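Morning, everyone. I have one structure to go through today, so please have a look at the sequence and the model before I start.

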Amino acid sequence: MRLSVEMSMSAVAAELGESDSTLWRVFHYYVGRAIKEQLNLSKVSRIGVDETANKRGHNYVTIFTDLDSGDVILVVEGRKKEVFQTLYGWLFDKEGHPGKIALFSMDMSKSYKAGSREYFAHSEIVFDKFHIKKAVNEAVDQVRKSEVKHCEELKKTKYMWLKNEQTLTSDQRLKLNTFLAESTLDTAKAYQMKTGFDTLWKVQPKAVEPLLQTWMQSAIGSALKPFSYLVNTLNNNYAGIVKSMKTGITNVAAEGLNSIVQMAKSRARGFRNVHNFMAMIYCLGNDFNFKFH
């Protein structure tokens, strides 16, 4: 079991002189038994929701994570609203209760919003900061793409505009400052809109809504189409975005797990089937005590 989280199963099979199909059966047995005997959801009240895929564009799964403990509480195949129905029943099965779920931290997908409202109508929705900022970054990059056609200087500068200032290289920082000081490009204007948006997570809770409203008005006044579309997205998800800014609640546990899952996926070059993938997520996302004969 230790080797299986450090190496691909095919590499473990070569190391032990066993077929990988045999080792996967053993792996499923012990992970399944640990889920049955050790997964207790009686204290779960805040849940993070994230999605990932076994291979690019294939075999999507939804991962539900306890925001307080960081443990994976459920992995479900698919990303439709029905995954919340599965969670509803799973909570009863594992000594939890749907009525105790105070909030979900998740992205702004229509299916997740529909599922949480249908099966957990009493729970608050907090949209994850990472996904909100991703939408802002996409607007910035759309502005850059429209300008790069007639501005050679913008070629190969995508990540300079999207990275946090603290993570820029010295060359990138110098180039960015030059753009901001001397340029009248829309991309520079979009970047300044982005940095202004980032500050909204740092203000006092009472100031969030007035400042967000001011920012949205500025975004519309900028005459940048991607930012006008972004404002529509913000309006459609307003309550959950404001809650994110006021509380600072994030889906960081799920995002951290996703990084580990991506490494395992890369190491294995994708898993043979989605069930192997799901079992590995349970194993990586929980501190199970495996009991062997």
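This is a predicted model: local features need pLDDT of at least 70, side-chain atom pairs count only at pLDDT 80 or more; totals for chains, interfaces and linings use all residues.

Thr65 is buried, because its relative accessible area is 0%; buried means under 20%, exposed over 50%, and partly exposed in between, with a 1.4 Å probe and protein chains only. Residues are numbered from 1 along each chain as its sequence is written, and side-chain values use heavy atoms, with hydrogens and water left out.

Back to Thr65, which sits in strand β2, residues 58-66. Helices (H or I, at least four residues) and strands (E, at least two) are DSSP runs, numbered from the N terminus. Leaving out residues up to four places away in sequence, Thr65 touches, among others, Arg46, Ile47, Gly48, Ala253 and Ala254. Contact here means heavy atoms within 4.5 Å.

Arg46, one of those contacts, belongs to strand β1, residues 46-55. Is Arg46 buried or partly exposed? Arg46 counts as partly exposed, because its relative accessibility is 27%. The side chains of Arg46 and Asp68 are joined by a polar contact of 2.8 Å. That term means a pair of N or O atoms within 3.5 Å; within protein, one must be able to donate a hydrogen and the other to accept it, and residues adjacent in sequence count only if both atoms are side-chain atoms. Arg46 and Glu124 are 78 residues apart along the chain, and their C-alpha atoms are separated by 9.5 Å.

Next, the core. The largest nonpolar core has 88 residues, and those with the most contacts inside it are Phe64, Phe84, Phe197, Trp215 and Phe227. Helix α13, residues 274-284, gives the most to this core, with 8 residues. A nonpolar core is a set of buried Ala, Val, Leu, Ile, Met, Phe, Trp, Tyr and Cys residues joined through side-chain atoms within 4.5 Å. Not counting residues up to four places away in sequence, the contacts of Phe64 include Ile47, Val49, Val72, Phe84 and Leu87.

Last, the chain as a whole. The protein chain has 13 helices and 5 strands. Of its 293 residues, 47% are buried. Among contacts with a separation of 6 or more, 60% are between residues 24 or more positions apart. Taken along the principal axes, the C-alpha atoms fill a box of roughly 70 × 45 × 30 Å.
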